[in-house]
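Here is a short briefing for a reader new to this structure. Look over the model first, then read on.

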Amino acid sequence: MADDLEARARYYEQFADDAASYFIRTDAELSINRRALAEKTLAFKVLSNLQDTIAIGDTDEIGRVYERTLKRIHEVVHVDRSIVFLENTAGSNIFKVAHHLGLTEQVAARASAMLFEFSEQQLGGRPTMLVNRQTRPTAFVELLQQTLSVRFFVCVPLRSEGRVFGYLLSSNDKEAYPFYPPFNETHVETYSAIAGFLATAYDNMNLYQNLREATAKLEEYNLTLEDRVKERTEDLAAIAEELREEVVKSEELLLNILPRQTAIELRRTGQAMARSFDSVTVVFSDIVGFSKASATMDAAELVAELDQIFRAFDHIVDHNDLEKLKTIGDSYMFAGGIPVPNDTHALDAVRACVEMQEYLAERRAEMERRGKTSFQMRFGVHTGPVVAGVVGSRKFAYDIWGNTVNVAAFLESGGETGRINVSDSTYELIRDDYHATARGRVKIKHDMEVEMYFVDGPVSPGADR
Amino acid sequence: MKHAFAAGVGTSEAVDAEAAGSEAAARATEGHEGEPTVVLLFSTARQNAEKLTQGVRSVVGASTPLFGGYCNGVISNDLIGYDGFQVGVAALWLDGVEVELLKQEGIAFNEAAAGDGLGAQLAATLGDGPLDDTSLLFLYDSVNRVKGRFTMNLATPLIQGMNAHLEHWPAAAGARVMGDMKFNPTHQWCGTELLQDSAVAMVLRGDARMHTTVMHGCRPASAYHRITKVDGPVVLEVDGRSATEWLGDMLGAELLNSHEQYKFFVTFGVNHGDPWGPFVEDHYANKMCVGVDSERGGVILAEPLDAGTVFQLMRRNFEPVYTRDHAVALIDSIEAVGRRPVFGFYLNCAGRAAAYYGGDEEEAAHVQDAVDRRFPLLGVYEAGEITRVNDEMQLLDWTGIFNVFSVEDR
């Protein structure tokens with residue numbers, strides 16, 4: 001009985017021990033596998049955390065991204081120290097410590113003053129470094145261990161467009177299961193994934209920077225363009241103003257030599273149509289004794305006196321709604337009823353002649369007071385049909401043609417000094433307003449006779465207006 | 001009505017120690033008036049202890065007594081954090097509860113002597129009367145760097161030293177604390193002092209009670225075996241055979257070849273109850289294997305066991321929901337006797353953190369779930385749990401000790 005119980009006890013003891021062996025081994029392997037799986041998910045945890053905390057725009061400040069990444073690595077992977085190396089000069093193998101977490105102030109100060117050559121030879125032909133208790137340290141690894149106070153570490157490159165612009169390194173001081181498992185190839189994969197994120201952030205930063213620079217250039221260009229447009233606009237405005245002034249001058253000049261309506265027509269169409277007028281009063285005036293005076297007077301003085309008189313005549317013509325046609329030597333020719341026909345052209349013309357006579361009388365009195373020579377004039381006035389228009393393309397002038405013009409010229413030459421000699425056709429139009437002395441029929445040429453009158457003066461001053 | 005026991009818990013993970021201290025203390029005291037009676041303060045070794053103290057004192061005042069130490073991590077109603085910059089503060093306002101803080105320095109030189117000193121102080125404080133109204137929390141610095149390299153201060157001689165003065169223990173829970181898994185030097189807070197190499201104790205006496213449940217997470221898996229030769233914490237022989245040979249036969253030779261990965265899965269459990277009776281978790285004291293002495297064929301335990309000790313290999317429970325069942329049962333039992341839980345204090349082995357044991361979930365989350373914010377919870381991850389097992393004070397490994405303070409529910 002006792003033997004049987006002892007055998008049973010041994011059986012159950014062995015049974016229990018076998019079960020313990022199986023369960024404990026299985027539990028341990030399961031746990032170790034879970035831990036390995038957890039190690040493989042570290043990168044996802046870090047990257048997921050970074051995705052949550054770093055907005056796309058934040059990559060504008062790449063330094064902040066590096067620092068947040070190091071912090072997340074420490075929180076998730078539980079390493080002792082982490083460093084971001086960045087190239088000292090673009091395209092070189094020389095790198096410097098740019099960001100770090102976990103270094104003492106003394107080590108950080110020393111590290112920041114150093115440059116590290118990550119050449120292919122230094123790295124032993126591998127792009128990454130894995131340093132644990134099982135690996136044999138190279139001279140470069142020993143240099144990093146001594147200068148940066150890193151013992152066991154993993155180090156992976158940061159690449160952009162195939163170029164290594166930095167390195168990411170994390171280290172632990174200890175290797176001890178289960179708290180500090182040695183760095184292994186899983187960690188290399190983890191850090192390579194994180195490095196990919198940083199490289200993307202770096203590329204984004206460059207893109208943002210390029211975009212910002214391009215935007216700044218565009219804004220600068222826009223400003224320059226606006227300045228140029230403004231300058232050009234001002235130039236154009238100045239030119240337009242000059243042009244406008246020239247146009248005004250030109251129009252004024254044109255109006256000086258042409259009637260307004262004719263000038264407008266000429267400007268619009270490039271030509272002025274000749275037009276017939278049934279009733280126009282044409283006046284010729286001529287200075288008596290001008291040729292004789294020109295032989296004795298100073299030429300400049302003579303011209304000045306002539307200019308003075310004709311300016312006064314211009315004024316008289318304008319305010320009597322008459323059209324000055326031209327001056328020929330000492331002769332001054334104007335007409336009424338052109339280019340806009342009216343019913344008062346004869347009265348207007350005679351009134352102008354009277355005012356011219358009055359002006360000349362005053363002028364003559366003044367010149368005599370100054371001991372100077374002055375002039376008297378003859379006026380010939382005739383009313384009849386004419387053709388008026390502009391001919392030629394250069395130095396054009398508004399002129400009139402027809403027998404009326406010739407008759408008016410003959411009336412002037414057939415008149416007397418200081419008298420206004422009008423034809424009967426004119427007389428008929430002014431007789432109610434002006435007194436006149438009939439001269440009878442006077443032969444002018446080719447046996448042509450014209451009934452002539454000398455205007456004596458208005459019936460009553462201003463009565464014709 | 002003035003409460004006999006009011007508590008507030010605050011945490012912080014700020015990198016700046018002073019900011020972390022003030023932040024955690026401000027959260028702990030939020031909604032309460034007046035300076036707390038005592039403040040529990042725990043922090044990882046990443047924080048500067050002096051600056052952390054300044055930060056806490058900027059909130060709780062210069063004279064409020066502090067009690068606590070460095071730890072591996074912090075648990076609260078809504079935080080489970082370790083290996084980072086975690087700081088945990090529990091502010092306690094006590095009415096009708098006397099608080100006595102005790103310290104014993106010099107544990108790094110002699111654990112037994114330190115235990116003797118602390119035990120003497122405790123005996124003087126506790127007196128000869130009944131201990132029903134008394135609760136004891138104590139911590140000791142486990143990091144010993146007196147000889148340069150790290151060695152761990154052992155709990156067993158400390159407890160033996162205390163046992164020499166204490167015929168009976170009150171409701172008690174303690175921990176072997178360290179500030180990180182790199183065994184950096186640690187600090188302890190006691191009153192207004194910042195200490196190192198110390199054992200510190202807080203005695204509460206009065207209307208408050210502390211209730212404790214032990215959550216091993218291990219069950220016996222093997223038959224009983226006997227330790228036949230030891231050298232300190234190194235078990236040299238089991239059943240008269242080399243300990244490593246015995247373990248190789250039990251678990252396979254490859255385990256010994258890669259013991260670095262497997263060692264923490266080997267746990268010796270000592271049953272202080274009926275060896276042939278049903279499994280009672282609170283009767284077991286577990287000692288975890290922390291290494292192999294290849295030269296002598298020995299298995300190194302976290303705490304020594306005497307030659308002649310009968311033990312079983314223990315199997316871990318990888319379904320940590322059991323902690324919820326234990327915690328709920330404890331809370332229910334408190335309420336069942338007409339008392340009201342007011343503060344939870346959880347001492348949890350750092351090796352039980354999911355990142356270290358390879359788990360899918362944090363076991364402490366189930367304790368949070370059990371508490372369900374009904375009262376403030378502060379927990380710490382540490383390196384060894386101490387409580388009464390079958391009326392004997394024992395250091396336990398891979399264990400969670402959940403303590404709930406209660407007051408009479410008037």
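**Briefing: chains and helices**

Two salt bridges are counted between chain A and chain B. A salt bridge here is a side-chain nitrogen of Lys or Arg within 4 Å of a carboxyl oxygen of Asp or Glu. This is a predicted model: local features need pLDDT of at least 70, side-chain atom pairs count only at pLDDT 80 or more, and totals for chains, interfaces and linings use all residues. Residues are numbered from 1 along each chain as its sequence is written, chains are lettered from A in the order in which they are written, and side-chain values use heavy atoms, without hydrogens and water.

**Between the chains**

- The side chains of D80(A) and K182(B) form a salt bridge, at 2.4 Å from N to O.
- Chain A brings 24 residues to the contact and chain B brings 33 residues; contact means heavy atoms within 4.5 Å.
- About 2,900 Å² is buried between chain A and chain B, and carbon and sulfur atoms give 58% of that area. Buried area is the accessible area (1.4 Å probe) that two parts lose on being put together, summed over both.
- In chain A, the residues that lose the most area to chain B are I24(A), Y177(A) and F179(A), together 23% of what that side buries.

**Helix packing in chain A**

- Helix α9 (residues 299-319) of chain A packs against helix α10 (residues 345-369) of chain A at about 150°, with the axes 10 Å apart. Helices are DSSP runs (H or I, at least four residues) and strands are too (E, at least two), numbered from the N terminus. Axes are lines fitted to C-alpha atoms, for helices over the stretch in contact, and angles run from 0 to 180 degrees between N-to-C directions.
- That angle makes α9(A) roughly antiparallel to α10(A) (over 145 degrees; under 35 is roughly parallel, 65 to 115 roughly perpendicular, the rest oblique).
- The contact residues include F313(A) and I316(A) of α9(A), and Y359(A) and L360(A) of α10(A).

**Helix packing in chain B**

- Helix α3 (residues 111-126) of chain B and helix α4 (residues 155-163) of chain B cross at roughly 35°, and their axes come within 6 Å.
- Among the residues in this contact are L118(B) of α3(B) and M162(B) of α4(B).

**Backbone details in chain A**

- Most residues other than glycine have a negative phi, and most peptide bonds are trans.
- I338(A) and P339(A) are joined by a cis peptide bond, with omega about -15°. P339(A) sits in the loop between β9 (331-336) and α10 of chain A.
- D321(A) is not a glycine, yet has a positive phi of about 60°. D321(A) lies in the loop between α9 and β8 (323-328) of chain A.
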